[in-house]
Amino acid sequence: MNAQLLATALYNLVGICALWGLFACWRNYRTDKLRQDIFDLRAELFEFAASGGIDFENRSYRRLRMLFNSMIRFAHKITFGRLVTTLALEQRHPIFQSVPGFPDELNGDNLGGAARKELWQLHRRLMKKVIFHILTTSLLAVPGLLFFFVCAVVKRVAERRMSDEVSYCKRRIEMHVRLMEQQATEARELEVQNQRHEPVAACVQ
Amino acid sequence: MRPDRQGKSASSFPHGFTAEHYLRLRKIEAIDGIGRIGARYGFLTVIAFLGYSSIRVLAGKTTLAEIAVRFITNIRVSAGISYAVGGGGVAYGWLQKRLRGNGIKKMAAHIKELEEQIDPGRSSSGLTERGETRPEDKT
């Protein structure tokens with residue numbers, strides 16, 4: 001190796017580091033974008049309630065707003081790695097499935113048809129945004145998802161149940177995203193409990 | 001009621017969560033955090049190792065000054081322009097982000113005030129006043 005080759009090698013290493021830095025910027029941007037999207041959903045929910053669609057004190061309204069707040073705050077922790085970790089641990093020893101998610105609580109609430117539909121759709125849009133965020137912030141997410149899909153199809157073919165692979169995979173992914181929602185909500189509520197006597201002045205949003 | 005490590009009873013957790021759920025959350029957080037930190041420092045280690053290995057081959061044969069000169073002369077004008085455009089784009093993005101943060105800081109308090117007139121029990125996301133992640137929430 002001569003000095004020229006070495007210079008080229010170092011040049012390429014600097015380029016790789018620059019790409020890595022750029023990817024970090026991209027991830028930060030995606031986190032801000034997700035937060036902004038959820039802020040928009042929260043504003044829609046607020047306007048729906050302000051227009052008389054649902055009472056501000058309604059349990060489902062409060063729960064969905066809190067869910068939005070939790071997802072906004074912990075958006076930086078919504079990662080493919082976390083999804084995979086949750087999925088793997090739940091596969092081995094499921095414990096979160098017994099905890100009711102927002103759709104379950106919405107079903108238990110005696111709301112009118114229009115309000116129920118609106119809240120359900122807002123929650124559905126949140127799920128889509130979270131899934132899209134995960135897919136666009138990890139290099140492994142799309143190949144990982146394809147691998148997961150292929151494995152699920154092979155498994156179902158082996159079990160001779162070819163009917164609805166896509167909806168089956170979709171249901172499972174949505175379930176795991178819901179688990180992440182529960183984690184965000186749980187972390188936030190625990191903190192609210194702990195800080196009930198220590199309000200943070202800087203939190204205005 | 002099963003007490004957790006801090007002496008809390010299971011019923012003190014919200015939404016039907018128990019100490020077991022809480023423990024699982026911490027476990028997920030730890031695995032995810034270790035994975036991310038491992039990937040970050042692993043990448044840096046590999047880059048540093050490759051750089052060091054390249055330089056070690058020529059130890060005693062070539063001076064650092066010669067390598068630096070070759071490195072600089074290796075950057076052609078077209079590549080230099082690409083770097084300048086890329087770096088400029090990043091700087092522009094950063095400045096826009098800062099501007100957006102200033103806008104959020106200015107507007108958020110006003111929106112909060114107006115919304116609280118309609119919903120006195122309004123809850124907050126808990127982000128900082130500039131709409132950024134709180135330092136204690138970062139892994």
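1. Of the 139 residues in chain B, 26% are buried, where buried means under 20% relative accessible area, exposed over 50% and partly exposed in between, with a 1.4 Å probe and protein chains only. The model is a predicted one, in which local features need pLDDT of at least 70, side-chain atom pairs count only at pLDDT 80 or more, and totals for chains, interfaces and linings use all residues. Residues are numbered from 1 along each chain as its sequence is written, chains are lettered from A and ligands numbered from 1 in the order in which they are written, and side-chain values use heavy atoms, with hydrogens and water left out.

2. Chain B contains three helices and zero strands, in the order α-α-α along the sequence. Helices (H or I, at least four residues) and strands (E, at least two) are DSSP runs numbered from the N terminus. Of the contacts in chain B with a separation of 6 or more, 26% are between residues 24 or more positions apart; contact means heavy atoms within 4.5 Å. Chain B exposes about 9200 Å², with 65% supplied by carbon and sulfur atoms. Accessible areas come from the Shrake-Rupley method with a 1.4 Å probe, and for residues only the protein chains shown count as cover.

3. Chain A has seven helices and zero strands, and its pattern along the sequence is α-α-α-α-α-α-α. Buried residues are 47% of its 205 residues. Among contacts in chain A between residues at least 6 apart in sequence, 76% join residues at least 24 apart. The accessible surface of chain A is about 10400 Å², and 62% of this belongs to carbon and sulfur atoms.

4. Helix H3 of chain B spans residues 77-118, which is 42 residues. From first C-alpha to last it reaches 60 Å, close to the 62 Å expected at 1.5 Å a residue; the expected span is 1.5 Å times one less than the number of residues. H3(B) has a kink of about 30° centred on B:Met107, the bend at a residue being the angle between axes fitted to the seven residues ending there and the seven starting there. B:Gly101, B:Ile104, B:Ala108 and B:Glu115 are buried in this helix. The cover over the buried residues of H3(B) includes helix H1 (3-50) and helix H2 (59-73) of chain A.

5. In it, 65 residues of chain A are in contact with 63 residues of chain B. The two chains bury about 6000 Å² between them, 60% of it on carbon and sulfur atoms. Buried area here is the accessible area (1.4 Å probe) that two parts lose on being put together, summed over both.

6. One of the salt bridges pairs A:Arg62 with B:Asp119, with the closest N and O atoms 3.2 Å apart. A:Arg62 lies in helix H2 of chain A and B:Asp119 in the segment after H3 of chain B, so the pair joins two chains. A:Arg62 is partly exposed at 23% relative accessibility, whereas B:Asp119 is buried at 1%.

7. A:Arg65 and B:Glu115 also meet in a salt bridge, at 3.9 Å from N to O. This pair joins two chains because A:Arg65 is in helix H2 of chain A and B:Glu115 in helix H3 of chain B. Both partners are buried: A:Arg65 has 1% relative accessibility and B:Glu115 has a relative accessible area of 13%.

8. Within chain B, the side chains of B:Glu129 and B:Lys105 form a salt bridge (3.8 Å, N to O). The pair links distant parts of the chain, 24 residues apart, with B:Glu129 in the segment after H3 and B:Lys105 in helix H3. B:Glu129 is partly exposed at 34% relative accessibility, and B:Lys105 is partly exposed at 42%. Elsewhere, salt bridges that share partners join A:Lys77, A:Arg82, B:Arg26 and B:Glu29 into one network. In the bridge between B:Glu29 and A:Arg82, the N to O distance is 3.7 Å.

9. A:Thr85 sits in helix H3 (residues 80-92) of chain A and is buried at 10% relative accessibility. Apart from neighbours within four places in sequence, A:Thr85 is in contact with B:Ile28 and B:Ile31.

Conventions: A salt bridge is a side-chain nitrogen of Lys or Arg within 4 Å of a carboxyl oxygen of Asp or Glu.
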